[in-house]
Amino acid sequence: MATRTRRSRILTPAGITTAVGLAIVVGLAIVGPIIWGAQAEATSVADRLQGPSALHPFGTDELGRDVLARVLAGTRTSVLLALGATAIAVALGVVLGLLPTVLPRVLRRALTGLIDILLAFPWLLLALFFSAIWGASATGAMLAVGFAGIPAFARLNYTLASSIMGRDYVRAARIVGVGPIGVLARHVVPNAAGPLLVNATVHASGALLSFAGLSFLGLGVQSPEYDWGRLLREGIARIYVNPMAAIGPGIAIVATGLFLTLASDVFATTPRRGALIRTGLRGLRPALRTGAGRAASAPHLVTTDEADAVSVARGLRIAFPGAEGGSVERVHGVELEIAPGEVVGIVGESGSGKSITAMALAGLIEPPGAVAAAELRFRGVDLLGPLSAASKRRLGLELAMVFQDPLTSLNPALTIGRQLTEAVEVHEGVSRAEARERAVRALASVGIPDPERRLGQYPHEFSGGMRQRAMIAMGLMGSPRLIVADEPTTALDVTVQRQVLQNLRRAQTLTHTAILFISHDIALVAGFSDRILVMKDGLVVEQLAADRLLVDAQHPYTKALIACVPDMASDRTQPLPVIGDLDTARRAS
Amino acid sequence: MAISLGIVVVATFAIIHLVPGDPVRAVLGPSAPAELVARTRAELGLDQPLPVQFWNYVAGLFQGDLGTSLQTHRPVADTLAQRAPATLVLAGVSFLVAAIGALPIGLATAISVRSGRRRVLDLIASAIVGLLIVVPNFLLAVGLVWLFAVEWRLLPVAGWGQPAQLVLPVLALAIGPMAYLARIVHVELLVVLDATYLTTARSKRLPGRLIYLRHALPNMLTSALTIGGLMLTGMVAGTVLIETIFAIPGLGTTIVSSITAKDYPMIQGVVLVYAGMVLVLNLVVDLVLMTIDPRSSLAEG
């Protein structure tokens, strides 16, 4: 299995390109000076400063030496110096990165602090600094490029090592008495090896380019020695006469750098997300069509007058691209109507499709998700096609959302006031002042004290419960006909839950809006709703009037959900039942 | 900041002392007469004890005295003041070009490919951007010179002082960071567009302009600015190569020639100025971040 995944990783187009490219570079580094070395050194006064020709594809330099031969023969010097610099950065970077993990606190702080300060400096400046010390020579430049890379590498290693040190198996090892050095040798180094290889490859690419840069500045390889950077320097001086003398070495540098970058990608590659989404989309439409045959006729217990219904869904199917390609249909033909002022609860476990059903009812499923239905309307607005301006206006003013996590459902960069007022400003064209006045009333109606001041605040200045109430207030800004509340209390603690539910309830009596209330908690839903839909695996398995829940529940899943709710009469010496237990119990009986 | 500055001062002071062997001999060559060596040593103050040297160095810094060049025998500070404007103009203009170009490119590509639409376009765009990020600026400069100055003869190949001479250096310096920043904007925007608060905004059916500019953009400014700051300091360093290619009389050409000539006082001066620029830029970015992020401004104020 492991070999298969590795092979398939290398046999991608990128993998093959990388392998071939690196093979060429390594091959040139080995044989280049042997084959072209003599030609690269052979001077010929008659042929000096020629442009490109069949004999000299990149032309010749001022001593009549063939530039192509020099580029090919220069591979070894360029690659070796880059690798040397990488080795320095990797070796010292690993040491400086791992050292802080075993040092006492004060020294660790000092060392990581110093590394952070050095990191603030672009590495060319560091390289110039070291270059000033060691002078303009190949060795000096190699040391300079190597040393300049140390801070970045040390930082990477420190982060890597700290994260490995925090893992459970390392803690376990320390508890049984393995010393810090032993932990480093046995746990950290082996686990860091993979990422290290990737980073070292990236670094080699950077070192190659940097070295070329230093040589180009005349601070690296000195005449009569040559590497790509030196050749580039000589080439650009004559760019009017023979551009190829500069372009040639440039191509060599970019190509090698690119191969090294690609190699690091190949080393690091996990399955490509983009590719999966692509195959996923291709499979999406057929899946929707073939799935149509399986439309289970959901029990249709309570009928509402369709003409008046706030929200109507017929044969609603929702599919998303799957993780392994293809598409996965998550909702398989849901039938649902919500009457004006009605409170409908949807209950089901995570993955039952209740939340995406609610999103589809609000017309908020975004591609790559795909919605198909015989009918999907909100107050007469067809949600399956493109929306007219009037339809958008209606949706914006009459449909409100309350999400599970109040930490993420309000925009952290905008004030509460701005977020409350913008919908009515856009859709009703009311003035800023009037919108603000309305926002003050809306916040007050959900029990937020001092609403004028609160409007100017940002979401992070609100508590979780207050944010959720602000979301409800946002819905009250227009003239709500449906509030979709998706697990609105799950992320809150119990006392705050109660307040939020009261606010929702009050909003409902105030405006006669309908509410679609979604929760995994059947007791909560039963207490809040007029009617309950039980969803399981993308289907509505049962529909009940809330007050008949205990009496009328037929479906075993509904019964199981009810049985899981402890009440005053529950036997406290027994563990609470879980749905799996009930399934097995039923199957056994 | 203060610590960083201290480290920078110590490091620049240390340059001349870290040179392997005798720096004075390195400057003057092995055959220089002993008398000249001794005089130069005294001129550089290297005959005094180390703490005294350091004290003199720091005291000199406070008076704007950075020593005297070994090559030109003029004060280092004068040369720096004369050379710095070109570097600042080059880096500044390039940064503006990069930042102003990157934002619309990143926004446009992110919005047009959102949720896997127009995948071919996305592939082409990311290939171009990826290539531009990988190609170092000095190679890009060579390519630009070849195309615009040699092949098409539209722009001057090198030089300084006329607006036309600014075009190629700025392009060479700005294109790579612009591609990188556009990529960051693109990626960050896609993350922000998936956030729940964007669903909230969409549920209000706001026009796209408001959704992107009011709701999405401010939430990715922090990361874009952080990267922008790194980009700017990288550009300061990038000027070294670009100045050399285009023969621009800035700090970059100065440091390269003084490293070659082992003009240590001049090297120390230029390194100090570069490091100072980097530190100031970092500070400015931190301050800007602090003022635009409502969370941090609350924490500070």
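Predicted model: local features only at pLDDT ≥ 70, side-chain atom pairs only at ≥ 80, totals over all residues.

Q: Which domains does the assignment give for chain A?
A: Domain 1 covers 75-283, and domain 2 covers 341-364 + 381-554. Taken over C-alpha atoms, the centres of domain 1 and domain 2 of chain A are 51 Å apart.

Q: How do strands hold to one another in a sheet?
A: Strands of a sheet pair through backbone hydrogen bonds, and the pairing is either parallel or antiparallel. Take strand E1 (residues 311-321) of chain A. E1(A) runs antiparallel to strand E2 (residues 327-338) of chain A, with 9 bridges between them. Within this pairing, Pro321(A) has Ser327(A) of E2(A) as its bridge partner.

Q: Which other strands does E1(A) join?
A: E1(A) is joined by 4 bridges to strand E5 (residues 375-378) of chain A, antiparallel. Here Arg314(A) is partnered with Glu375(A). Another 3 bridges link E1(A) to strand E4 (residues 370-372) of chain A, again antiparallel. There Ile318(A) has Val371(A) as its partner.

Q: Why is E1(A) described as largely enclosed?
A: Count its buried residues. In E1(A), 8 of the 11 residues are buried, so the rest of the structure largely encloses this strand.

Q: What is the strand order in the open sheet of 6 strands in chain A?
A: The order is E7-E8-E9-E3-E10-E11, with mixed pairing. Strands E7 (399-402) and E11 (539-545) of chain A stand at the edges. Each has a single partner strand, so one side of each lacks a neighbour in the sheet. From one strand to the next, the twist averages 15 degrees.

Q: How many bridges pair E10 and E11 of chain A?
A: Strand E10 (residues 531-536) and E11(A) pair over 6 bridges, in the antiparallel sense. Leu533(A) stands opposite Gln543(A) of E11(A).

Q: Which helix packs on the sheet, touching E3, E10 and E11 of chain A?
A: That is helix H22 (residues 556-563) of chain A. Its direction makes about 105 degrees with that of E10(A). Helix H12 (residues 354-361) of chain A lies across E3, E8, E9 and E10 of chain A, at about 155 degrees to E9(A).

Q: How many residues of chain A are in contact with chain B?
A: 58 residues of chain A are in contact with 57 residues of chain B. Helix H10 (residues 244-268) of chain A gives the largest share of chain A's side, 8 residues. By class, that side has 41 nonpolar, 12 polar and 5 charged residues.

Terms used
Residues numbered from 1 in each chain as written. Chains lettered and ligands numbered in written order. Contact = placed C-beta atoms within 7 Å. Helix = DSSP H or I, 4+ residues; strand = E, 2+ residues; numbered from the N terminus. Nonpolar A, V, L, I, M, F, W, Y, C, P; charged D, E, K, R; others polar. Domains from an automatic or database assignment. Buried ≥ 20, exposed ≤ 12 C-beta atoms within 10 Å, placed from the backbone. Pairing = 2+ DSSP bridges. Axes fitted to C-alpha atoms, helices over the stretch in contact; angles between N-to-C directions.
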